[in-house]
Amino acid sequence: MISWGDSIEKAVKKAKEEKKLVLVDFFNPG
Amino acid sequence: MVKVVTDWFIPVRISGDKQGDLFGKHLVTWTPTITIWDGEGREHYRFTGFLTPEDLCARIILDGAKAEMALKNYDLAIKCLNDVTKKYKGTCAVPEAIFYLGVAQYLSSHNPKPLREGLDSLRKEFPQSEWTLRAKPYELINL
């Protein structure tokens, strides 16, 4: 199960702290 | 797929019906579009359209590896590119992974032979691939 966030800025900050990359999925539901 | 995403990435989903303004801000014109960023807020790669689960996984690993290469994390990039070529045989990402495996090995070692070895592998396995064409100048490198 992937826990998706909804903020690019928060993800970037977390990625820097955890030395990871950010994967952003732009999608249209339905 | 889940392990690749959670081990290596902070995952974010931007929904067009709730955060459509971000589509314009990031020049997203079609979905699905997946983008890969680093911890400095720089976008490295993006791709658009639907893939099979295996092709999607291979594409994410490939683009992640290219981002790591740009960040000079060569050992990780080489490991991931090798994974694409060995564990995801038959996916669309393999020819590009072979190309960039040579590039990452060259950048890591300053030895040009991996570039030529990549070309030889591409010619043998994917003679019609665009990546074989892109690697053609490496035929000048002597093994």
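Modeller: A residue is counted as buried if 20 or more other C-beta atoms lie within 10 Å of its own. The model discussed here is predicted.

Colleague: How many of the residues of α3(B) are buried?

Modeller: Helix α3(B) has 18 residues. The rest of the structure largely encloses α3(B), because its buried residues number 13 of the 18.

Colleague: What distance does α3(B) reach from its first C-alpha to its last?

Modeller: At 1.5 Å a residue, the expected value for α3(B) is 26 Å. The helix comes close to that expectation, and K72(B), with a positive phi near 65°, follows it. From first C-alpha to last, α3(B) reaches 26 Å.

Colleague: Which pattern of helices and strands does chain B follow along the sequence?

Modeller: Chain B contains seven helices and three strands. Its C-alpha atoms fill a box of roughly 55 × 30 × 25 Å along the principal axes. Read along the sequence, the pattern is α-β-α-β-β-α-α-α-α-α.

Colleague: What percentage of the residues in chain B is buried?

Modeller: Among contacts in chain B with a separation of 6 or more, 41% join residues 24 or more positions apart. Chain B has 143 residues, and the buried share of them is 36%.

Colleague: What is the order of the strands in the open sheet?

Modeller: The sheet has four strands with mixed pairing. Its edge strands are β1(B) and β3(B), each of which pairs on one side only. From one strand to the next, the twist averages 15°. The order is β1(B)-β1(A)-β2(B)-β3(B).

Colleague: In which sense, parallel or antiparallel, do β1(A) and β1(B) pair?

Modeller: Seven bridges connect these two strands. Within the pairing, F26(A) stands opposite I14(B). The sense of the β1(A) and β1(B) pairing is parallel.

Colleague: Which residue is the bridge partner of W37(B) in β3(B)?

Modeller: Strands β2(B) and β3(B) run antiparallel and are joined by five bridges. Strand β2(B) covers residues 33–37, and β3(B) covers residues 43–48. In β3(B), the partner of W37(B) is E43(B).

Colleague: At about what angle does α3(B) run to β3(B)?

Modeller: Helix α1(A) lies across β1(A), β1(B) and β2(B), running at about 160° to β1(A). Helix α3(B) lies across β1(A), β2(B) and β3(B). The angle of α3(B) to β3(B) is about 160°.

Colleague: Which element gives the most residues to the side of chain B that touches chain A?

Modeller: On this side, 29 residues of chain B are in contact with 23 residues of chain A. The elements α1, β1, β2 and α3 of chain B each supply at least two residues. By class, the side of chain B has 16 nonpolar, nine polar and four charged residues. With seven residues, the element that gives the most is β1(B).

Colleague: Which residues have the most contacts inside the largest nonpolar core?

Modeller: In soluble globular proteins, nonpolar side chains tend to be buried together. The largest nonpolar core here has 45 residues. Both chains contribute: α1 and β1 of chain A, and β1, β2, α3, α4, α5 and α6 of chain B, each supply at least two residues. The residues with the most contacts inside this core are V22(A) and L81(B).

Notes. Residues are numbered from 1 along each chain as its sequence is written. Chains are lettered from A and ligands numbered from 1 in the order in which they are written. This is a predicted model: local features need pLDDT of at least 70, side-chain atom pairs count only at pLDDT 80 or more; totals for chains, interfaces and linings use all residues. Two residues are in contact if their C-beta atoms, placed from the backbone, lie within 7 Å. Ala, Val, Leu, Ile, Met, Phe, Trp, Tyr, Cys and Pro count as nonpolar, Asp, Glu, Lys and Arg as charged, and the others, Gly among them, as polar. Two strands pair if DSSP finds at least two bridges between them. A residue is buried if 20 or more other C-beta atoms lie within 10 Å of its own, exposed if 12 or fewer, and partly exposed in between; C-beta atoms are placed from the backbone. The expected span of a helix is 1.5 Å times one less than its number of residues. A nonpolar core is a set of buried Ala, Val, Leu, Ile, Met, Phe, Trp, Tyr and Cys residues joined through C-beta atoms within 7 Å. Axes are lines fitted to C-alpha atoms, for helices over the stretch in contact, and angles run from 0 to 180 degrees between N-to-C directions.
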